[in-house]
Amino acid sequence: FFFSSRRRHTRQRSVSWARRCVQETGKDYEDYVDKFPLNPSPEVYGFHDNADITKDQGETNLLLGSILMTQSSEAGALEKSVEEIMNEIAGSILGDFPKPFDIKKAEEKYPVKYEESMNTVLTQELNRFNILMRIISHSLEDLQKALKGEVLLSGELEECMKSLFDMKVPDMWMKKSYPSLKPLGSYIIDLKQRIKFFEEWIENGIPPIFWISKFHFTQGFLTGAKQNYARKKKIPIDELDFDFEVIEIENPPAPEDGVNVTGMYLEGAKWDSKEKVLAESDPKILFVKSPMLYLIPRKTDELKDFLHYSCPAYRTSVRRGELSTTGHSTNFVMFFKIPSKVNPAHWIKRGTALLIQLDDQTHPIHLHLHFIVR
């Protein structure tokens, strides 16, 4: 029989391991097994060492979340009452909260055009953010009035107050919000950054680089990019898909067709700018910025064929969602073809994915541990 050097080496290792396992008595076997590590390395299962960190973070957040659920909503021995704390939180958010967009003014500057779908995308996004901003501002104003006794504290407002006390985003906001797992402070900062992106769009025109992480409805933006090309080339939109190219320069010009997108993060891998392929994550680094990508609409039978990993993109790290009324997932966005030197199965086992936003690992309980110390 003939064996390749690799198979021969594997066989020799197996025989060597088997010989080491051969013991004389049952006690010898027990002693040998006792030498095995209590917590095996993730490598045993084909995972990266960083999988251990992800597991530990998940367990820690679960523990802290459980502690947070058991705390009382009363002030206890705090220097300030719950009402005072809630007033401060509501006031700090409302203090510099953005005003709703002037939709009519935006529509005059960016009217509906057959050849420019991004105008429609813009006004639809502005409408979505206006609804969200009004809910946030009205709920905080009503909460302040309720704390003063000027209006009735409804059940919905009470739930909102409890979420704010826990530094969480209230459910009544999330019903009209984009998906997010961020705590309250990070959520407000992220919302302001999204609004600023659209304010600059209105002021300066369609940007050459789109921050895909700033859209309320990401799929609508991607459909608009395809629709522009379909109308220009007179091709049915359902015959189109995206090709992908990695952009190495920092400030590329706006492409003639397609869009440049940035603002995503890679989990479970990193981008090797020298080899121009996916590479293993660095130890203890869970997320890295994804390179800028050029999305090129093409007919499905003209797409490039190369060794790649079809990397799923999600709006949050939870990686699950529901089908919305539009037929799109509330979390999954699309697959991005990213060059790879290894079989895609390797990255599937690594759980490699693109995330449009991070969670901000700071748990709400970290922000106000003094609230539960009695």
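I began with Ser-180, which is buried, with a relative accessible area of 11%. I note at the outset that this is a predicted model. I placed Ser-180 in the loop that joins helix H8 (171–174) to helix H9 (184–204). Leaving out residues up to four places away in sequence, I found that Ser-180 touches Met-174, Tyr-187, Thr-316 and Gln-357. I then looked up the polar surroundings of the side chain: one of its polar atoms lies 3.3 Å from the backbone nitrogen of Lys-182.

**Tyr-110**

Tyr-110 sits between helix H5 (103–109) and helix H6 (118–148). Is Tyr-110 buried or exposed? I recorded a relative accessibility of 8%; the cut-off for buried is under 20%, so Tyr-110 counts as buried.

I listed the contacts of Tyr-110 beyond four places in sequence: Asn-119, Leu-122, Thr-123, Trp-201, Ile-202, Asn-204 and Gly-205. With Ile-202, which is 92 residues away along the chain, the C-alpha separation is 8.3 Å.

**Helix H6**

I examined the span of H6. Its 31 residues reach 45 Å from the first C-alpha to the last, close to the 45 Å expected at 1.5 Å a residue. Just after this helix, I noted that Gly-149 has a positive phi of about 85 degrees.

**Nonpolar cores**

Which residues touch the most other members of the largest nonpolar core? Within this core of 67 residues, I noted Leu-164, Trp-173, Phe-198, Trp-201, Phe-221, Leu-295 and Phe-336. H6 supplies the largest share of this core, with eleven residues.

Not counting residues up to four places away in sequence, Trp-201 touches Tyr-110, Met-118, Leu-122, Ile-206, Pro-207, Phe-210 and Phe-215. I also logged a second, separate core of five residues, among them Ile-209, Ile-247, Met-292 and Tyr-294.

**The sheet**

I then traced the open sheet, whose four strands follow the order E1-E3-E8-E2 with mixed pairing. Why is one side of E1 and of E2 left without a neighbour in the sheet? Strand E1 (209–211) and E2 stand at the edges, and each has a single partner strand, so one side of each has no neighbour there. From one strand to the next, I recorded an average twist of 35 degrees.

I looked for a helix against this sheet and found H10 (residues 218–233), which packs on it and touches E1, E2, E3 and E8. The direction of H10 makes about 105 degrees with that of E2.

**Strand E8**

I closed with E8 (residues 292–299). Six of its eight residues are buried, so the strand is largely enclosed by the rest of the structure. I checked its pairing on both sides:

- Strand E2 (residues 240–247) runs antiparallel to E8 and is joined to it by eight bridges; I noted Ile-296 in E8 as the bridge partner of Asp-243.
- Strand E3 (residues 259–262) is also antiparallel to E8, with three bridges between them; I noted Leu-293 in E8 as the bridge partner of Val-261.

Key
Residues are numbered from 1 along each chain as its sequence is written. This is a predicted model: local features need pLDDT of at least 70, side-chain atom pairs count only at pLDDT 80 or more; totals for chains, interfaces and linings use all residues. Side-chain values use heavy atoms; hydrogens and water are left out. Helices (H or I, at least four residues) and strands (E, at least two) are DSSP runs, numbered from the N terminus. Buried means under 20% relative accessible area, exposed over 50%, partly exposed in between (1.4 Å probe, protein chains only). Contact means heavy atoms within 4.5 Å. The expected span of a helix is 1.5 Å times one less than its number of residues. Two strands pair if DSSP finds at least two bridges between them. A nonpolar core is a set of buried Ala, Val, Leu, Ile, Met, Phe, Trp, Tyr and Cys residues joined through side-chain atoms within 4.5 Å. Axes are lines fitted to C-alpha atoms, for helices over the stretch in contact, and angles run from 0 to 180 degrees between N-to-C directions. A polar contact is a pair of N or O atoms within 3.5 Å; within protein, one must be able to donate a hydrogen and the other to accept it, and residues adjacent in sequence count only if both atoms are side-chain atoms.
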